[in-house]
Amino acid sequence: HRPVRERWEGGTPVEARDGARAEALGRLIEQGVITRGQADAVASALAAAEERTGARGRWAEVLGYVGGGLVLAAVVTFMATAWNVLDTGARITLLAVVAAVLATAGFGMAGGPALLRSTAAPAPARRRIGGSLFALAALSTAFAAAEAMQEVLPSGFVPSASIWSAAAGLVVAVAAYALLRSAPGLVAAWAMSASLAGFGVQEVAHEFTDQWQTASSAAGAGLLLLGTVGVALAVAGVLREQGTAVGL
């Protein structure tokens, strides 16, 4: 919350979290529409309503995280106990379904169809929950792609299945961030792109040079370039979470 501001001199000051609201009430007092006492009552009522709404929003966010955590725990438990029993097709299908469910849930939590409008501005809690669900959807997509590519790629093929999976996850993460810019979504996109810029470049460089030292240097250069691009996008305002982007 922004600092409480006192707008008027004399009498009981009207306390408001929003300076624009305080100025509007001040103009009404100066025009004789309402008295200072009435302005105090209006500001107090609005502040109380905001506190109740904020409390409900926080509880909704907590319940959203708890619900998502329970679902993921159930999925992880199932995979740990029955993963080896399932064939590759069943594994890919399961992971793809999980990714679709998470993406759909994130879309709904972030505002649904209203999110497609360029003027849509989800509430901070909805943005965080939706971004987290989208990030998990990108991770599930990467796992599904890894299972699929391990099935079709020959042993020792470059790029490996893990690199292809990171590329698939990056596509979903970038698309989700373009739809809903959030810190969790940015972290997911960074993790996938770092895998490509690090391990991907290392694999390809080693394939061409057959020297791990050269390949490692190339991977380091790729990560350095990725960091430079990330900072540039943050400074240019392309990335909404500038502090997070620069930190990553």
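This is a predicted model: local features need pLDDT of at least 70, side-chain atom pairs count only at pLDDT 80 or more; totals for chains, interfaces and linings use all residues.
## About the model

Local features here need pLDDT of at least 70 and side-chain atom pairs count only at pLDDT 80 or more, while totals for chains, interfaces and linings use all residues. Residues are numbered from 1 along each chain as its sequence is written, and side-chain values use heavy atoms, leaving out hydrogens and water.

## Two helices side by side

Let's start with helix α4 (residues 124–152) and helix α6 (residues 183–209), whose axes come within 7 Å and cross at roughly 25 degrees. Helices are DSSP runs of H or I with at least four residues, numbered from the N terminus. Axes are lines fitted to C-alpha atoms over the stretch in contact, and angles run from 0 to 180 degrees between N-to-C directions. The two helices are therefore roughly parallel to each other (angles under 35 degrees).

On the α4 side, the contact (heavy atoms within 4.5 Å) includes Arg 128, Gly 131 and Ser 132. Pro 184, Gly 185, Ala 188 and Met 192 take part from α6.

Thr 244 sits in helix α8 (residues 242–247). Its relative accessibility of 30% counts as partly exposed (between 20% and 50%, with a 1.4 Å probe and protein chains only).

Which residues does Thr 244 touch, not counting those up to four places away in sequence? They are Ala 183, Leu 186 and Val 187. Thr 244 and Pro 184 are 60 residues apart along the chain, with 9.7 Å between their C-alpha atoms.

## An exposed leucine

Leu 225 belongs to helix α7 (residues 212–236). With a relative accessible area of 55%, Leu 225 is exposed (over 50%).

How values were computed. Angles under 35 degrees count as roughly parallel, over 145 as roughly antiparallel, 65 to 115 as roughly perpendicular and the rest as oblique.
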